[in-house]
Amino acid sequence: MLKDLTRLDRAFQALADPHRRGMLARLAQGPASVSELAQPLKMSLPAVLQHLQALEGSGLIRSEKKGRVRTCRLQPGVLAAAEQWLVDRRSEWEKRHDRFEEYVMELKDKGE
């Protein structure tokens, strides 16, 4: 369980950055080279590589090098785990909200 939390923490930390989310959005369309991912960004190549390293370290992407080209692709497993965590929290929050709403209605009924 602790290993999963660490992995999930790294995923959310990686997702916190808008540049990384942009890279993930591009990779949702299919694999891309580092230069393709860097092209729309206004930052140095070393900065892009640091972002990619964070994404790869979190398990959200993987990369492979063929010749001089490094290609990145999504790894859906960690993203699915983050999504499931959010779904579980949403379910809990909705149940709490429903209970609170019922409580407020009971108070209103008692007041009338």
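This tour goes through a predicted model one selection at a time.

**Start with the confidence**

Colour the whole protein by pLDDT. The average is 89, and 95% of the residues score at least 70. Now select helix α1, residues 2-15; among the elements of the protein, helix α1 has the lowest mean pLDDT, 80. Strand β1, residues 32-33, has the highest, 97. Keep one caution in mind: where pLDDT is low, the predicted coordinates should not be read in detail.

**Helix α2 and Leu24**

Select residues 18-27, which make up helix α2, and pick out Leu24 within this helix. Is Leu24 buried or exposed? Its relative accessibility is 10%, so Leu24 counts as buried, the cut-off for buried being under 20%. Leu24 and Arg70 are 46 residues apart along the chain, and their C-alpha atoms are separated by 16 Å.

**Helix α4, end to end**

Select residues 45-58, the 14 residues of helix α4. How far apart are the end C-alpha atoms of α4? They are 20 Å apart, which agrees with the 20 Å that the helix should span at 1.5 Å a residue.

Next, show the side chains of Val48, His51, Leu52, Leu55 and Ser58, which are the buried residues to look for in α4. Turn the view until you look down the axis of α4: these buried residues fall within an arc of 125 degrees, so they line one face of the helix.

Now show Pro46, Gln50 and Gln53. These residues are exposed, and they sit on the face of α4 turned away from its buried side. Finally, step past the end of the helix to Gly59, which follows α4 and has a positive phi, near 90 degrees.

**Salt bridges**

The structure holds four salt bridges. Begin with Arg62, Glu64 and Arg73, which are linked in a network. From Arg62 to Glu64, the closest N and O atoms are 3.8 Å apart. From Arg73 to Glu64, the closest N and O atoms are 3.3 Å apart. Glu64 is partly exposed at 29%. Arg73 is partly exposed too, with a relative accessible area of 24%.

Move on to Arg89 and Glu92, another salt-bridged pair, whose closest N and O atoms are 3.0 Å apart. Both residues are in helix α5; because they are three residues apart there, about one helical turn separates them. Glu92 has a relative accessibility of 35%, so this residue counts as partly exposed.

**A patch on the surface**

For the last stop, select Phe100, Tyr103 and Leu107 and show the surface. Together these residues form a nonpolar patch with about 340 Å² of accessible area. Leu107 is in helix α5, residues 76-111. Leu107 counts as partly exposed because its relative accessibility is 43%, which lies between the cut-offs of 20% and 50%.

Terms used:
Residues are numbered from 1 along each chain as its sequence is written. Side-chain values use heavy atoms; hydrogens and water are left out. Helices (H or I, at least four residues) and strands (E, at least two) are DSSP runs, numbered from the N terminus. The expected span of a helix is 1.5 Å times one less than its number of residues. Buried means under 20% relative accessible area, exposed over 50%, partly exposed in between (1.4 Å probe, protein chains only). The arc is that of the directions from the helix axis to the C-beta atoms. Patches are made of residues with over 30% relative accessible area and no salt bridge: like charges are joined within 9 Å, nonpolar side chains (Val, Leu, Ile, Met, Phe, Trp, Tyr) within 5 Å. Accessible areas come from the Shrake-Rupley method with a 1.4 Å probe; for residues, only the protein chains shown count as cover. A salt bridge is a side-chain nitrogen of Lys or Arg within 4 Å of a carboxyl oxygen of Asp or Glu. pLDDT is the predictor's confidence in each residue, from 0 to 100.
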